Amino acid sequence: MTIEEAQKTVDTWITTTGVRYFNELTNMAILTEEVGEVARLISRQYGEQSFKESDRGRELGDELADVLFVVICLANQTGVNLTDALTRNLAKKTQRDSQRHQDNEKLRKPNAE
């Protein structure tokens, strides 16, 4: 599925199953909540946090998809074409960071020299 297809699919889902978009402020709050759920899961799977029983069975892919869904909702309701926005953003990053990360010693692999 392309980003454009995802935006159309989410819009169709919202307008049929979801009835309508939540307002932008509500979706921003939901996005914050969903990102928190990703952080919670990563801290338990890859960090040092202990799992709680309520965390078991959660899948990172599903939690990331929740974040993506809300980002797409926000893009749709504010008129942002995410394909165009991502293309512009990657060009900006490429121009701005063309050497910055290459020169970062902390990113070099051990024994890369």
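User: At what angle do the axes of H1 and H4 cross?

Analyst: Two packed helices are described by the angle between their axes and by the distance between those axes. In this predicted model, the axes of H1 and H4 cross at roughly 145° and come within 8 Å. On the H1 side the contact is made by Ile3, Glu4 and Gln7, and on the H4 side by Leu82, Thr83 and Leu86. These residues divide into three nonpolar, two polar and one charged.

User: How many residues does helix H4 have, and what span should they give?

Analyst: Helix H4 covers residues 82-96, which is 15 residues, and at 1.5 Å a residue they should span 21 Å. The end C-alpha atoms of H4 are 20 Å apart, which agrees.

User: Which residue caps the N-terminal end of H4?

Analyst: The cap is asparagine 81, with a side-chain oxygen 3.0 Å from the backbone nitrogen of threonine 83.

User: How are H1 and H3 oriented to each other?

Analyst: Helix H1 (residues 3-16) and helix H3 (residues 60-78) pack at about 85°, and their axes are 9 Å apart. Angles of 65 to 115 degrees count as roughly perpendicular, and H1 and H3 are therefore described in that way. Among the residues of H1 in this contact are Val10, Trp13 and Ile14, while those of H3 include Phe69, Ile72 and Cys73. The contact of H1 with H3 divides into eight nonpolar residues, two polar and one charged.

User: Why do residues three or four places apart point the same way in an α-helix?

Analyst: An α-helix has 3.6 residues a turn, so residues at that separation point the same way. In the contact of H2 with H3, the residues of H2 include Leu31, Val35, Val38 and Ile42. Those of H3 include Leu60, Leu64, Val67, Val71 and Leu74. This contact of H2 with H3 divides into 14 nonpolar, four polar and five charged residues.

User: How are H2 and H3 oriented to each other?

Analyst: The axes of helix H2 (residues 24-45) and H3 cross at roughly 160° and come within 9 Å. Angles over 145 degrees count as roughly antiparallel, and H2 and H3 are therefore given that description. The crossing of H2 past H3 is left-handed.

Key:
Residues numbered from 1 in each chain as written. Predicted model: local features only at pLDDT ≥ 70, side-chain atom pairs only at ≥ 80, totals over all residues. Heavy atoms only, no water. Axes fitted to C-alpha atoms, helices over the stretch in contact; angles between N-to-C directions. Helix = DSSP H or I, 4+ residues; strand = E, 2+ residues; numbered from the N terminus. Parallel < 35°, antiparallel > 145°, perpendicular 65-115°, else oblique. Contact = heavy atoms within 4.5 Å. Nonpolar A, V, L, I, M, F, W, Y, C, P; charged D, E, K, R; others polar. Left-handed = near helix turned anticlockwise from the far one by under 90°. Expected span 1.5 Å × (residues − 1). Polar contact = N/O pair within 3.5 Å; in protein donor to acceptor, adjacent residues only side chain to side chain.
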